[in-house]
Amino acid sequence: MSDTGVIPTAVKIVIAGGFGVGKTTMVNSVSEIPPLRTEEVLTEAGVGVDDMAGIEGKETTTVALDFGRITISPRVVLYLFGTPGQNRFWFMWDELAVGALGAVVLVDTRRLDSSFPSIDFFENRDIPFVVAVNRFEGGFPHTDEQVRQALDLDSNVPIVSCDVRDRESSKDVLIALVQYTMDQLAGV
Amino acid sequence: MAGDRDWWFDEAAGPLIRPYAMTRGRTRPGAPNLNLVTQIRASRNRSDLSQLTPEHQEIVDLCHRPLSVAEIAAYLNVPLVVAKILISDLLELGDVVAGAPFQTSDIVDTKFLQAVLDGIRRI
Ligand SMILES: Nc1nc2c(ncn2[C@@H]2O[C@H](COP(=O)(O)OP(=O)(O)O)[C@@H](O)[C@H]2O)c(=O)[nH]1
Ligand SMILES: [Mg+2]
(Lines give C-alpha, C1' and ligand atoms only; values in the text may rest on other atoms or scores of the structure.)
(Ligands and ions follow the chains in the order given, each with its own letter.)
Protein backbone atom coordinates (compact mmCIF):
# COMPACT_ATOMS: atom_id res chain seq x y z
CA MET A 1 0.00 0.00 0.00
CA SER A 2 1.42 3.37 -0.93
CA ASP A 3 1.97 6.04 1.68
CA THR A 4 -0.94 8.27 0.84
CA GLY A 5 -0.91 9.99 4.19
CA VAL A 6 -4.42 8.79 4.93
CA ILE A 7 -5.05 7.52 8.44
CA PRO A 8 -8.19 5.40 8.35
CA THR A 9 -11.20 5.73 10.58
CA ALA A 10 -11.44 2.63 12.74
CA VAL A 11 -14.70 1.09 13.90
CA LYS A 12 -15.54 -1.99 15.86
CA ILE A 13 -18.09 -4.73 15.90
CA VAL A 14 -18.24 -6.61 19.19
CA ILE A 15 -18.87 -10.35 19.12
CA ALA A 16 -20.40 -11.34 22.45
CA GLY A 17 -21.94 -14.40 24.07
CA GLY A 18 -21.25 -17.07 26.62
CA PHE A 19 -18.14 -19.19 26.88
CA GLY A 20 -17.65 -21.64 24.01
CA VAL A 21 -20.47 -20.25 21.90
CA GLY A 22 -18.19 -19.65 18.91
CA LYS A 23 -17.00 -16.03 19.21
CA THR A 24 -13.37 -16.69 18.33
CA THR A 25 -14.43 -19.05 15.56
CA MET A 26 -16.54 -16.31 14.03
CA VAL A 27 -13.73 -13.74 14.20
CA ASN A 28 -11.49 -16.30 12.55
CA SER A 29 -13.99 -16.93 9.75
CA VAL A 30 -14.25 -13.33 8.58
CA SER A 31 -10.93 -11.75 9.52
CA GLU A 32 -8.44 -10.99 6.74
CA ILE A 33 -5.57 -11.72 9.12
CA PRO A 34 -5.19 -14.67 11.46
CA PRO A 35 -6.98 -13.60 14.65
CA LEU A 36 -4.74 -11.73 17.02
CA ARG A 37 -4.72 -11.79 20.76
CA THR A 38 -3.83 -8.97 23.07
CA GLU A 39 -3.79 -8.68 26.80
CA GLU A 40 -5.02 -5.98 29.09
CA VAL A 41 -3.77 -5.79 32.66
CA LEU A 42 -6.50 -5.36 35.25
CA THR A 43 -6.41 -4.94 38.98
CA GLU A 44 -8.04 -7.56 41.13
CA ALA A 45 -11.08 -5.27 41.23
CA GLY A 46 -11.29 -5.59 37.45
CA VAL A 47 -10.25 -2.06 36.60
CA GLY A 48 -7.80 -1.33 33.79
CA VAL A 49 -4.23 -0.49 34.66
CA ASP A 50 -2.93 2.53 32.80
CA ASP A 51 -0.13 3.23 35.20
CA MET A 52 2.59 0.73 35.97
CA ALA A 53 4.10 2.65 38.85
CA GLY A 54 4.45 0.38 41.84
CA ILE A 55 2.43 -2.31 40.17
CA GLU A 56 5.04 -5.00 40.70
CA GLY A 57 3.77 -5.78 44.15
CA LYS A 58 0.09 -5.55 43.35
CA GLU A 59 -2.31 -8.32 42.49
CA THR A 60 -3.14 -8.04 38.85
CA THR A 61 -4.88 -10.23 36.38
CA THR A 62 -4.79 -10.23 32.61
CA VAL A 63 -7.69 -10.51 30.25
CA ALA A 64 -7.15 -11.67 26.71
CA LEU A 65 -8.99 -10.20 23.76
CA ASP A 66 -9.23 -12.00 20.44
CA PHE A 67 -9.72 -9.79 17.45
CA GLY A 68 -9.62 -9.70 13.70
CA ARG A 69 -9.65 -7.08 11.00
CA ILE A 70 -11.45 -6.28 7.77
CA THR A 71 -9.96 -3.47 5.70
CA ILE A 72 -12.98 -1.81 4.17
CA SER A 73 -11.04 0.79 2.17
CA PRO A 74 -7.91 2.91 2.60
CA ARG A 75 -10.11 5.18 4.70
CA VAL A 76 -12.03 2.70 6.83
CA VAL A 77 -10.97 -0.33 8.81
CA LEU A 78 -13.31 -2.57 10.77
CA TYR A 79 -12.17 -4.53 13.82
CA LEU A 80 -14.02 -7.50 15.24
CA PHE A 81 -13.49 -8.07 18.93
CA GLY A 82 -14.62 -11.14 20.81
CA THR A 83 -15.65 -10.26 24.35
CA PRO A 84 -13.75 -11.73 27.28
CA GLY A 85 -15.64 -13.73 29.89
CA GLN A 86 -18.66 -12.07 31.37
CA ASN A 87 -19.10 -10.81 34.93
CA ARG A 88 -15.58 -10.05 36.05
CA PHE A 89 -14.53 -8.06 33.05
CA TRP A 90 -17.18 -5.39 32.56
CA PHE A 91 -14.43 -2.81 32.44
CA MET A 92 -13.20 -4.37 29.20
CA TRP A 93 -16.71 -4.53 27.84
CA ASP A 94 -17.05 -0.80 28.36
CA GLU A 95 -13.83 -0.19 26.50
CA LEU A 96 -14.95 -2.45 23.67
CA ALA A 97 -18.30 -0.72 23.44
CA VAL A 98 -16.79 2.72 22.76
CA GLY A 99 -16.79 3.22 19.03
CA ALA A 100 -18.68 0.01 18.33
CA LEU A 101 -21.19 0.40 15.55
CA GLY A 102 -22.99 -2.60 16.92
CA ALA A 103 -22.72 -6.06 18.42
CA VAL A 104 -23.46 -9.66 17.60
CA VAL A 105 -24.77 -11.72 20.50
CA LEU A 106 -24.00 -15.33 19.68
CA VAL A 107 -26.39 -17.84 21.15
CA ASP A 108 -26.30 -21.59 21.67
CA THR A 109 -29.87 -22.82 22.02
CA ARG A 110 -28.73 -25.46 24.50
CA ARG A 111 -27.59 -22.70 26.83
CA LEU A 112 -29.73 -19.68 26.13
CA ASP A 113 -29.30 -18.29 29.63
CA SER A 114 -25.58 -17.76 29.06
CA SER A 115 -26.43 -14.94 26.65
CA PHE A 116 -28.55 -12.93 29.09
CA PRO A 117 -25.69 -10.80 30.46
CA SER A 118 -24.57 -9.82 26.94
CA ILE A 119 -28.08 -8.87 25.90
CA ASP A 120 -28.58 -6.80 29.06
CA PHE A 121 -25.29 -5.04 28.48
CA PHE A 122 -26.08 -3.86 24.95
CA GLU A 123 -29.72 -3.07 25.72
CA ASN A 124 -28.68 -0.86 28.65
CA ARG A 125 -26.24 1.08 26.48
CA ASP A 126 -28.47 1.41 23.46
CA ILE A 127 -25.96 -0.34 21.27
CA PRO A 128 -27.63 -1.98 18.27
CA PHE A 129 -27.25 -5.75 18.32
CA VAL A 130 -28.44 -8.79 16.44
CA VAL A 131 -28.88 -12.24 17.95
CA ALA A 132 -27.11 -14.94 15.96
CA VAL A 133 -28.07 -18.50 16.74
CA ASN A 134 -25.04 -20.71 16.16
CA ARG A 135 -26.25 -24.06 14.86
CA PHE A 136 -24.43 -26.66 16.90
CA GLU A 137 -25.29 -30.26 16.19
CA GLY A 138 -27.71 -31.39 18.85
CA GLY A 139 -29.07 -27.89 19.32
CA PHE A 140 -32.76 -27.86 20.04
CA PRO A 141 -35.01 -27.22 17.07
CA HIS A 142 -36.63 -23.86 17.58
CA THR A 143 -38.34 -21.06 15.78
CA ASP A 144 -37.14 -17.46 15.86
CA GLU A 145 -40.22 -16.61 17.87
CA GLN A 146 -39.30 -19.17 20.53
CA VAL A 147 -35.82 -17.68 20.77
CA ARG A 148 -37.26 -14.17 20.92
CA GLN A 149 -39.56 -15.15 23.75
CA ALA A 150 -36.96 -17.06 25.68
CA LEU A 151 -34.54 -14.13 25.47
CA ASP A 152 -37.25 -11.53 25.98
CA LEU A 153 -36.09 -9.59 22.91
CA ASP A 154 -37.75 -6.51 21.48
CA SER A 155 -39.75 -7.30 18.37
CA ASN A 156 -37.36 -5.39 16.11
CA VAL A 157 -34.11 -7.11 17.17
CA PRO A 158 -33.05 -9.30 14.24
CA ILE A 159 -32.50 -13.00 14.87
CA VAL A 160 -30.32 -14.82 12.37
CA SER A 161 -29.27 -18.42 12.25
CA CYS A 162 -25.65 -19.15 11.37
CA ASP A 163 -22.74 -21.53 11.29
CA VAL A 164 -19.83 -19.45 12.55
CA ARG A 165 -17.30 -21.84 11.00
CA ASP A 166 -18.48 -20.71 7.59
CA ARG A 167 -17.29 -17.37 6.21
CA GLU A 168 -20.37 -16.64 4.11
CA SER A 169 -22.65 -17.45 7.01
CA SER A 170 -20.64 -15.23 9.37
CA LYS A 171 -20.66 -12.46 6.78
CA ASP A 172 -24.45 -12.67 6.62
CA VAL A 173 -24.58 -12.04 10.36
CA LEU A 174 -22.38 -8.94 10.07
CA ILE A 175 -24.41 -7.70 7.12
CA ALA A 176 -27.63 -8.15 9.11
CA LEU A 177 -26.10 -6.11 11.94
CA VAL A 178 -24.93 -3.19 9.78
CA GLN A 179 -28.24 -3.19 7.92
CA TYR A 180 -30.08 -3.10 11.24
CA THR A 181 -27.88 -0.24 12.49
CA MET A 182 -28.73 1.70 9.34
CA ASP A 183 -32.44 0.96 9.74
CA GLN A 184 -32.29 2.21 13.33
CA LEU A 185 -30.71 5.45 12.11
CA ALA A 186 -33.34 5.88 9.46
CA GLY A 187 -35.96 5.31 12.15
CA VAL A 188 -37.43 2.30 10.37
CA MET B 1 9.66 -10.05 19.49
CA ALA B 2 9.29 -11.98 22.71
CA GLY B 3 8.99 -15.59 21.69
CA ASP B 4 7.93 -17.12 24.96
CA ARG B 5 5.28 -15.63 27.11
CA ASP B 6 6.39 -17.23 30.35
CA TRP B 7 7.95 -14.06 31.63
CA TRP B 8 4.55 -12.56 31.91
CA PHE B 9 3.30 -15.20 34.27
CA ASP B 10 6.49 -15.62 36.22
CA GLU B 11 5.25 -14.93 39.68
CA ALA B 12 8.65 -15.26 41.31
CA ALA B 13 9.96 -12.38 39.25
CA GLY B 14 6.74 -10.46 39.69
CA PRO B 15 4.47 -9.46 36.89
CA LEU B 16 5.35 -6.57 34.61
CA ILE B 17 9.06 -6.54 35.47
CA ARG B 18 10.16 -7.06 31.91
CA PRO B 19 7.65 -4.73 30.29
CA TYR B 20 8.58 -2.14 32.88
CA ALA B 21 12.19 -2.41 31.82
CA MET B 22 11.10 -2.19 28.20
CA THR B 23 9.47 1.16 28.86
CA ARG B 24 12.68 2.42 30.48
CA GLY B 25 10.88 3.28 33.64
CA ARG B 26 8.01 5.14 32.03
CA THR B 27 4.91 4.11 33.88
CA ARG B 28 2.02 5.71 32.08
CA PRO B 29 1.30 6.66 28.51
CA GLY B 30 1.98 10.34 27.84
CA ALA B 31 -0.83 10.29 25.30
CA PRO B 32 -3.90 9.40 27.33
CA ASN B 33 -6.29 9.14 24.40
CA LEU B 34 -4.92 5.97 22.86
CA ASN B 35 -7.51 3.23 22.72
CA LEU B 36 -7.65 -0.27 21.25
CA VAL B 37 -8.29 0.82 17.70
CA THR B 38 -6.47 4.16 17.51
CA GLN B 39 -4.59 4.09 14.21
CA ILE B 40 -0.84 4.63 14.32
CA ARG B 41 1.33 5.35 11.29
CA ALA B 42 5.04 5.98 10.90
CA SER B 43 5.92 9.56 10.05
CA ARG B 44 7.80 10.28 6.89
CA ASN B 45 10.32 12.45 8.66
CA ARG B 46 11.75 10.58 11.57
CA SER B 47 14.28 11.20 14.27
CA ASP B 48 17.46 9.14 14.50
CA LEU B 49 16.00 5.67 14.86
CA SER B 50 19.27 4.23 16.15
CA GLN B 51 18.53 6.11 19.37
CA LEU B 52 15.43 4.02 19.90
CA THR B 53 15.04 0.70 21.67
CA PRO B 54 14.40 -2.37 19.50
CA GLU B 55 10.76 -2.33 20.56
CA HIS B 56 10.31 1.27 19.49
CA GLN B 57 11.99 0.51 16.18
CA GLU B 58 9.77 -2.49 15.67
CA ILE B 59 6.69 -0.31 16.09
CA VAL B 60 7.97 2.19 13.54
CA ASP B 61 8.67 -0.67 11.13
CA LEU B 62 5.23 -2.21 11.64
CA CYS B 63 3.50 1.10 11.11
CA HIS B 64 4.69 1.77 7.59
CA ARG B 65 0.99 1.21 7.02
CA PRO B 66 -1.53 2.27 9.66
CA LEU B 67 -2.13 -0.23 12.44
CA SER B 68 -4.26 -0.14 15.57
CA VAL B 69 -2.81 0.00 19.07
CA ALA B 70 -4.26 -3.48 19.66
CA GLU B 71 -2.48 -4.90 16.59
CA ILE B 72 0.81 -3.33 17.66
CA ALA B 73 0.48 -4.85 21.14
CA ALA B 74 -0.33 -8.25 19.64
CA TYR B 75 2.57 -8.22 17.16
CA LEU B 76 5.03 -7.11 19.85
CA ASN B 77 3.56 -9.63 22.27
CA VAL B 78 3.28 -7.08 25.06
CA PRO B 79 0.29 -6.05 27.18
CA LEU B 80 -1.72 -3.11 25.89
CA VAL B 81 -0.52 -0.80 28.65
CA VAL B 82 3.08 -1.35 27.56
CA ALA B 83 2.29 -0.79 23.89
CA LYS B 84 0.54 2.46 24.78
CA ILE B 85 3.61 3.73 26.65
CA LEU B 86 5.96 2.87 23.80
CA ILE B 87 3.64 4.47 21.25
CA SER B 88 3.38 7.59 23.42
CA ASP B 89 7.17 7.90 23.34
CA LEU B 90 7.14 7.72 19.55
CA LEU B 91 4.32 10.26 19.31
CA GLU B 92 6.34 12.66 21.43
CA LEU B 93 9.38 12.19 19.21
CA GLY B 94 7.22 12.69 16.13
CA ASP B 95 8.24 9.31 14.74
CA VAL B 96 4.63 8.18 14.44
CA VAL B 97 1.31 9.95 14.09
CA ALA B 98 -2.04 8.89 15.50
CA GLY B 99 -5.43 9.05 13.84
CA ALA B 100 -8.17 11.30 15.13
CA PRO B 101 -9.95 10.13 18.26
CA PHE B 102 -13.20 8.31 17.72
CA GLN B 103 -16.24 10.43 16.97
CA THR B 104 -19.77 9.20 17.46
CA SER B 105 -20.71 11.07 14.30
CA ASP B 106 -18.75 8.49 12.29
CA ILE B 107 -21.01 5.61 13.18
CA VAL B 108 -24.25 7.48 12.84
CA ASP B 109 -23.52 8.41 9.26
CA THR B 110 -25.49 6.46 6.68
CA LYS B 111 -22.89 6.84 3.95
CA PHE B 112 -20.21 5.56 6.26
CA LEU B 113 -22.29 2.56 7.28
CA GLN B 114 -23.10 1.83 3.64
CA ALA B 115 -19.36 1.76 2.91
CA VAL B 116 -18.87 -0.70 5.77
CA LEU B 117 -21.70 -2.84 4.46
CA ASP B 118 -20.27 -2.89 0.94
CA GLY B 119 -16.84 -3.72 2.36
CA ILE B 120 -18.15 -6.70 4.29
CA ARG B 121 -19.97 -7.97 1.20
CA ARG B 122 -16.70 -7.87 -0.76
CA ILE B 123 -14.68 -10.13 1.54
N1 LIG C 1 -19.86 -28.38 15.93
C2 LIG C 1 -19.68 -27.07 16.00
N3 LIG C 1 -18.65 -26.62 16.71
C4 LIG C 1 -18.45 -25.29 16.80
C5 LIG C 1 -19.30 -24.36 16.17
N6 LIG C 1 -18.88 -23.12 16.48
C7 LIG C 1 -17.81 -23.25 17.26
N8 LIG C 1 -17.53 -24.57 17.46
C9 LIG C 1 -16.49 -25.12 18.28
O10 LIG C 1 -16.78 -24.79 19.63
C11 LIG C 1 -15.59 -24.51 20.34
C12 LIG C 1 -15.66 -23.17 21.02
O13 LIG C 1 -15.64 -22.16 20.05
P14 LIG C 1 -14.91 -20.76 20.30
O15 LIG C 1 -15.02 -19.99 19.03
O16 LIG C 1 -13.56 -20.95 20.86
O17 LIG C 1 -15.86 -20.15 21.42
P18 LIG C 1 -15.71 -18.79 22.26
O19 LIG C 1 -15.41 -19.20 23.67
O20 LIG C 1 -17.07 -18.17 22.16
O21 LIG C 1 -14.65 -17.97 21.62
C22 LIG C 1 -14.45 -24.61 19.34
O23 LIG C 1 -13.84 -25.86 19.50
C24 LIG C 1 -15.15 -24.50 17.99
O25 LIG C 1 -14.47 -25.21 16.99
C26 LIG C 1 -20.40 -24.90 15.38
O27 LIG C 1 -21.17 -24.17 14.80
N28 LIG C 1 -20.52 -26.26 15.34
MG1 LIG D 1 -12.87 -17.30 22.47
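**Two chains and a ligand**

The contact between the chains takes 54 residues from chain B and 52 residues from chain A, where contact means heavy atoms within 4.5 Å. This is a predicted model, in which local features need pLDDT of at least 70, side-chain atom pairs count only at pLDDT 80 or more, and totals for chains, interfaces and linings use all residues. Residues are numbered from 1 along each chain as its sequence is written, chains are lettered from A and ligands numbered from 1 in the order in which they are written, and side-chain values use heavy atoms, with hydrogens and water left out.

Start with the interface. The size of an interface is often given as the accessible area lost when the parts come together. Here chain B and chain A bury about 4,600 Å² between them; the area is what two parts lose on being put together, summed over both, with a 1.4 Å probe. Carbon and sulfur atoms hold 70% of it. B:Leu36, B:Ile120 and B:Ile123 supply 14% of the area that chain B buries against chain A, more than any other three residues.

Chain B and chain A share two salt bridges (a side-chain nitrogen of Lys or Arg within 4 Å of a carboxyl oxygen of Asp or Glu). A:Glu95 pairs with B:Lys84 in a salt bridge, with the closest N and O atoms 4.0 Å apart. On the side of chain B that touches chain A, helix 7 (residues 110-122) of chain B gives the largest share, 11 residues. Helices here are DSSP runs of H or I with at least four residues, and strands are runs of E with at least two, numbered from the N terminus.

Now turn to ligand 1. It is surrounded by 15 residues, the closest being A:Gly20, A:Lys23, A:Thr24, A:Thr25 and A:Glu137; a residue is near if one of its heavy atoms lies within 4 Å. A polar backbone atom of A:Gly20 is 2.8 Å from an oxygen atom of the ligand. A polar side-chain atom of A:Thr24 also lies 2.8 Å from a ligand oxygen atom. Helix 1 (residues 23-30) of chain A gives the most to this shell, with three residues.

Finally, A:Asp66 and A:Arg37 meet in a salt bridge at 2.9 Å, N to O. A:Asp66 lies in strand 3 and A:Arg37 in strand 2 of chain A, so the pair ties together parts that are 29 residues apart in sequence.

Terms used: A polar contact is a pair of N or O atoms within 3.5 Å; within protein, one must be able to donate a hydrogen and the other to accept it, and residues adjacent in sequence count only if both atoms are side-chain atoms.
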